[in-house]
Amino acid sequence: MADAITLPPQVSPPAVTLDERVPHAVAGAEVIALPVLPGESLMLGPGAAALADAASDLDLLGILEAEHASGKAGEVVSYVVPGGVRGNKALRRILLVGVGAQRPVDFRRAGVAVARATRDLSTVATTIPALDPDVAVEPFVVGVTLASFSFDWRASGPVHRPVGSVVLAELGSAYDGSLSRSVAVATAGWRSRFLATVPSNIKNPAWLAEQALTIADASGLKVKVWDEQQLAKEGFGGLLGVGSGSPTPPRLIRLDYAPPKASRKTPTVALVGKGITFDTGGLNLKPGDSMTTMKRDMTGGAIVLSTMAALAAVGCPVRVVGLVAAAENAVSGSSMRPGDVLRHFPGDKTARTSEVTNTDAEGRLVLADAMAYAVAQVKPDVIVDVATLTGAIKVALGQQVGGLFANHDVLAAILEGAAEATGEPLWRMPLSSTYEDKLASPIADADNSAGTPQAITAALFLQHFAGGLPWAHLDLASVGDTPEDRDEWTKGPSGWGARTLLTWLGSPEPLAGVV
Ligand code: BES
Ligand code: MN
Ligand code: ZN
């Protein structure tokens with residue numbers, strides 16, 4: 001009998017390539033997608049004139065007019081050309097795609113529209129990025145890739161398959177670098193969404209560690225994984241406490257990236273991800289409705305792994321150490337109890353302790369260990385932690401904006417800027433010290449569930465483990481799930497955050513003004 005819990009093969013993202021030719025001349029192009037520019041009278045972008053020569057009876061502007069097209073970003077008018085055009089008998093369909101104001105967001109929307117309109121087809125050639133390649137290539141590639149994501153475990157296979165190949169026409173090898181960087185960013189989004197979507201009957205801490213080993217191998221990163229015995233020996237009491245109720249014990253994962261020209265002076269960023277592979281709440285059990293999406297409580301860890309995998313491809317100029325604190329927050333006789341006191345890394349008498357007043361506030365307990373380890377052993381210049389930490393951030397920001405906390409204004413501004421640019425907006429929340437008193441525990445250094453305002457008290461709890469370094473905390477519980485298909489997101493776990501970290505770490509001077 002076959003193993004009942006083997007993940008079937010999943011669909012792959014479309015292959016994106018460059019081609020100097022006009023789109024309808026691209027061999028095998030079944031569909032071409034041409035940009036439509038809004039304005040007093042609509043205009044067509046590159047590729048349209050050449051197409052008019054190859055099909056003189058085709059009145060594209062007339063078609064747009066008849067369809068009352070506006071040229072707004074992502075609008076699609078689809079026109080069937082049975083029998084193809086001169087020079088491409090395989091061509092079946094022309095997509096006229098609005099590009100709006102031609103900002104990055106508009107090109108992302110256009111990419112999304114092309115993905116949705118070409119599902120189950122083989123090849124689409126498009127001149128949308130050729131309109132303004134320096135602005136358009138990355139958002140277009142991100143949009144066309146991420147809107148193609150799906151995850152499937154049906155006996156009958158995926159309902160739809162992404163278009164096999166996306167050819168960026170009228171663009172030559174001058175854009176090779178831009179394309180490979182764009183593909184790396186898009187792939188990181190895809191990978192973090194994939195990891196967050198895998199169900200937790202497969203995805204336990206050891207499985208996540210295996211994914212890290214695969215990534216390290218493929219991306220040339222150093223990797224280290226702590227199993228439960230090593231965690232115990234080195235005093236990771238937070239991870240062990242949270243993981244104690246599960247038959248699949250916790251892991252700490254470390255990946256190291258160094259840029260090709262690294263010297264002793266090259267600064268280091270530590271990325272720390274919450275890797276709760278399932279959050280039942282523990283003995284403070286979540287109600288069923290709140291638990292249904294908790295397979296994705298390792299989204300922070302998925303973002304860290306996916307970002308690490310792509311750092312070389314985006315030319316990251318600083319050292320980056322990625323840490324994922326992986327545990328399953330389960331219910332059993334060996335689960336941690338309300339009232340338990342956990343001793344964080346390094347487990348000796350210098351280590352901070354936490355009183356567990358709510359076993360469902362587990363994320364901060366595992367992050368605390370990994371952050372304390374980072375400060376002591378990695379000795380980074382900057383720490384950024386990423387976590388689906390509190391339901392409260394979702395109440396505050398809804399499901400389309402992530403939460404950002406930081407003890408450093410320049411770092412906060414850089415991350416806000418990167419997030420905005422790549423389409424994963426973050427809103428800075430206050431680390432109000434006025435709530436610090438709420439962390440007090442009668443017996444330990446802190447209470448793990450200090451009360452309202454919960455997103456802020458959670459951030460204040462973590463701040464004690466940042467060692468006074470410039471630190472930012474991304475609470476992505478708000479955006480971890482997409483309720484319905486929207487823009488480049490597909491329904492389900494979103495993987496939100498990897499693009500932001502790569503936009504930041506792939507910039508020429510990620511730490512300008514910070515260190
Ligand atoms: N994983 C949850 C946070 C969460 C909630 C993520 C909703 C995504 C959607 C976290 O571990 C949690 O349970 N937080 C509690 C904290 C409370 C017990 C102090 C919460 O926010 O309710
Ligand atoms: Mn929880
Ligand atoms: Zn959680």
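Analyst: Begin with what a donor is. Donors are N, O and S atoms within 2.8 Å of the metal, and water is not among the atoms, so sites may look incomplete. Keep in mind that this is a predicted model.

User: What spacing do the donors of the manganese ion (ligand 2) follow along the chain?

Analyst: The pattern is D-x80-D-x1-E. The coordinating atoms are Asp279 (OD), Asp360 (O), Asp360 (OD) and Glu362 (OE). Their distances are 2.0 to 2.2 Å.

User: Which protein donors does the zinc ion (ligand 3) have?

Analyst: They are Lys274 (NZ), Asp279 (OD), Asp297 (OD) and Glu362 (OE). These lie 2.0 to 2.4 Å from the zinc ion. In sequence, the donor residues read K-x4-D-x17-D-x64-E.

User: How far apart are the zinc ion (ligand 3) and the manganese ion (ligand 2), and which residue coordinates both?

Analyst: The two ions are 3.2 Å apart. Asp279 bridges them.

User: How do I judge geometry at a metal?

Analyst: Look at the angles. Ideal values are 109.5 degrees for four tetrahedral donors, and 90 or 180 degrees for six octahedral ones. For six donors to count as octahedral, opposite donors must be over 155 degrees apart and all others between 65 and 115.

User: Is the arrangement around the zinc ion (ligand 3) octahedral or irregular?

Analyst: Octahedral, because the six donor atoms around the zinc ion subtend angles of 79 to 173°. The manganese ion (ligand 2) also has six donor atoms, with angles of 71 to 169°, but that arrangement is irregular.

User: What does the UniProt record say about residues 358–365?

Analyst: An unreviewed UniProt entry annotates residues 358–365 as "domain: Cytosol aminopeptidase". In the model, the end C-alpha atoms of this span lie 11 Å apart. The span is 38% helix and 0% strand.

User: How do I describe a pair of helices?

Analyst: Two packed helices are described by the angle between their axes and the distance between the axes. Here, take helix H5 (residues 176–197) and helix H15 (residues 498–505). Their axes come within 8 Å and cross at roughly 150°. That angle makes H5 roughly antiparallel to H15. The crossing of H5 past H15 is right-handed.

User: Which peptide bonds are cis, and where do their prolines sit?

Analyst: Check omega. From Phe345 to Pro346 the bond is cis, with omega near 5°. Pro346 is in the loop between strand S12 (341–343) and strand S13 (353–355). From Thr452 to Pro453 the bond is also cis, with omega near -10°. Pro453 is in the loop between strand S17 (446–447) and helix H14 (454–463).

User: Where do His68 and Glu170, with positive phi, lie?

Analyst: Both sit in loops. His68 has phi near 55°. Its loop runs between helix H2 (60–66) and strand S4 (76–80). With a relative accessible area of 69%, His68 is exposed. Glu170 also has phi near 55°. Its loop is between strand S7 (165–169) and H5. Glu170 counts as partly exposed, because its relative accessibility is 28%.

Key
Residues numbered from 1 in each chain as written. Chains lettered and ligands numbered in written order. Predicted model: local features only at pLDDT ≥ 70, side-chain atom pairs only at ≥ 80, totals over all residues. Heavy atoms only, no water. UniProt positions renumbered as here; feature names shortened; annotations may be inferred. Helix = DSSP H or I, 4+ residues; strand = E, 2+ residues; numbered from the N terminus. Tetrahedral: all angles 85-135°; square planar, octahedral: opposite > 155°, others 65-115°. Axes fitted to C-alpha atoms, helices over the stretch in contact; angles between N-to-C directions. Parallel < 35°, antiparallel > 145°, perpendicular 65-115°, else oblique. Left-handed = near helix turned anticlockwise from the far one by under 90°. Buried < 20%, exposed > 50% of the residue type's maximum accessible area, 1.4 Å probe, protein only.
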